[in-house]
Amino acid sequence: MSRFSKSLLVLALCGVSAGAFAVDKYSGVGRQATPAEVKAWDIDVRPDFKGLPKGSGNVERGNELFEEKCASCHGSFGESNEVFTPLAGGTTKDDIKTGRVKGLSSGELPQRTTFTKVATISTVFDYIQRAMPWTAPKSLKPDEVYAILAYLLNLQEIVPADFTLSDKNIGEVQKLLPNRNGMTTDHGMWPGASAAKGGIGNGGKPDVKNVACMKNCKTEVQIGSTLPEYARTAHGELADQNREFGAVRGTRTLGPEAAKKAADASTLDLATKSGCMACHGIKSKIVGPGYNEVVARYKDQTDAEDRLFAKIKAGGQGAWGSIPMPPNAHVKDEDIKTLVKWIMSGSK
Amino acid sequence: MGNPMKIRAANKDGVTEVKVLVSHEMETGQRKDSAGAIVPAWFITELIAKHNDKVVLASEFGPSVSKNPYLAFKFKGGAKGDKIVVSWKDNKGDTRTDEAAIG
């Protein structure tokens, strides 16, 4: 058993004992909860239907209620993906027979829904009763919960349109749930004994096995798979996108040369976006001079960058002929500086 | 034949809102299966909605529409109990018609 689940158990035991002895131990502090308080609090419905209130509701009534209270978030057919993930859809008639949603393992599902995942109908009942509608939880009467659940089951094509769901037949419906066999307790997060010893989990055995190698061990690490190049560079230089503190560093996806190229490419983007490239070519005259011509004229002048900055910002006419360059007040100062540096360094 | 559509039509202040959930694969013809073979295109090409016998919506669908498409529209002149008939046709020549009453 892992240390984690042990401490969970210890915590759980503490909780129980505190509940039992609190009144005796701290006289004058607190009081026993009244039976009515416990009843109001104890609303859970369990997979064996313990706690299920008596009542019934049909699909038609459920449709009305759903339209009134639920559809604004979930869509009329429980199909909406805008506020929450969809409630209905994604299962087939075969799934209802097998009790295991095939789309979950085949990857055919475009989107998981409540009914592709849920294994116990009591859970859905409990959740609607406990938490819905979002704005007024616990406001639904048991009959209303039955009706809404009947409507959902009808949307899922588990029950016919004239079906009435009640505490009597909900057990039958459980046997039709598309993913009823989809739940396993054979993993380590369940506390307590393993299923073989009367518990529910696997006794806290972790899902991963990190076995220490004792013989014939590998002498060096071999990388079994790598990202393809196009995927590796899809988001630019990852190392430059980290937060500036902490131990985790992104990998250098581009390498120093490629990184410079990417930075320059973004300057070209900036030049295009700022409208420069409409009149200036990198290596040719279009309306105004090419950047190579600009470099040729200004390269030996020490104050060239400042003068070019002023020219770009205010516009000008005469230096390169009679066609004027318009003022570029819309381009930010720092962007102009970046552009000037980029031009003077050869626009590469 | 395809699977049945789900249709809801509700009248409010003289405007009828119709919501339809169509059940259809809507394959684009661009997708490949696990063996690398192209999954043949299979999508709805047109969908028509009628109020009694009058066409209130005529639409052309295509491969860009999602699987199991959801459609909602409004029109004036419907009354409680009137019949709404929705029918679609797909590129394989399959058709399906379903109806509902305005509630």
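Two residues are in contact if their C-beta atoms, placed from the backbone, lie within 7 Å. Among contacts in chain B between residues at least 6 apart in sequence, 51% join residues at least 24 apart. Welcome to this predicted model, in which local features need pLDDT of at least 70, side-chain atom pairs count only at pLDDT 80 or more, and totals for chains, interfaces and linings use all residues. Residues are numbered from 1 along each chain as its sequence is written, while chains are lettered from A and ligands numbered from 1 in the order in which they are written.

**Chain B as a whole**

- Chain B has 0 helices and 7 strands; here helices (H or I, at least four residues) and strands (E, at least two) are DSSP runs, numbered from the N terminus.
- Read from the N terminus, the elements of chain B follow the pattern β-β-β-β-β-β-β.
- Of its 103 residues, 25% count as buried, a term for residues with 20 or more other C-beta atoms within 10 Å of their own, with C-beta atoms placed from the backbone.

**A sheet in chain B**

- In chain B, 3 strands make an open sheet in the order β1-β2-β5, with antiparallel pairing; two strands pair if DSSP finds at least two bridges between them.
- The edges are taken by β1 (6-12) and β5 (70-76) of chain B, each with a single partner strand, so one side of each has no neighbour in the sheet.
- On average, neighbouring strands of this sheet are turned by 15° against each other, direction ignored.
- Strand β2 (residues 15-21) of chain B is joined to β5(B) by 7 bridges, and B:V18 sits opposite B:F73 in β5(B).
- β1(B) and β2(B) also pair in the antiparallel sense, over 7 bridges, and B:I7 has B:V20 in β2(B) as its bridge partner.
- The hairpin of β1(B) and β2(B) has 2 residues between the strands, and B:D13 takes a positive phi near 50° there.

**Two helices in chain A**

- Helix α13 (residues 304-314) and helix α14 (residues 333-344) of chain A pack at an angle of about 125°, with their axes 10 Å apart; axes are lines fitted to C-alpha atoms, for helices over the stretch in contact, and angles run from 0 to 180 degrees between N-to-C directions.
- α13(A) and α14(A) are therefore oblique to each other, since angles under 35 degrees count as roughly parallel, over 145 as roughly antiparallel, 65 to 115 as roughly perpendicular and the rest as oblique.
- Residues of α13(A) including A:L308 and A:F309 meet residues of α14(A), among them A:I336 and A:V340.

Technical notes
Buried ≥ 20, exposed ≤ 12 C-beta atoms within 10 Å, placed from the backbone.
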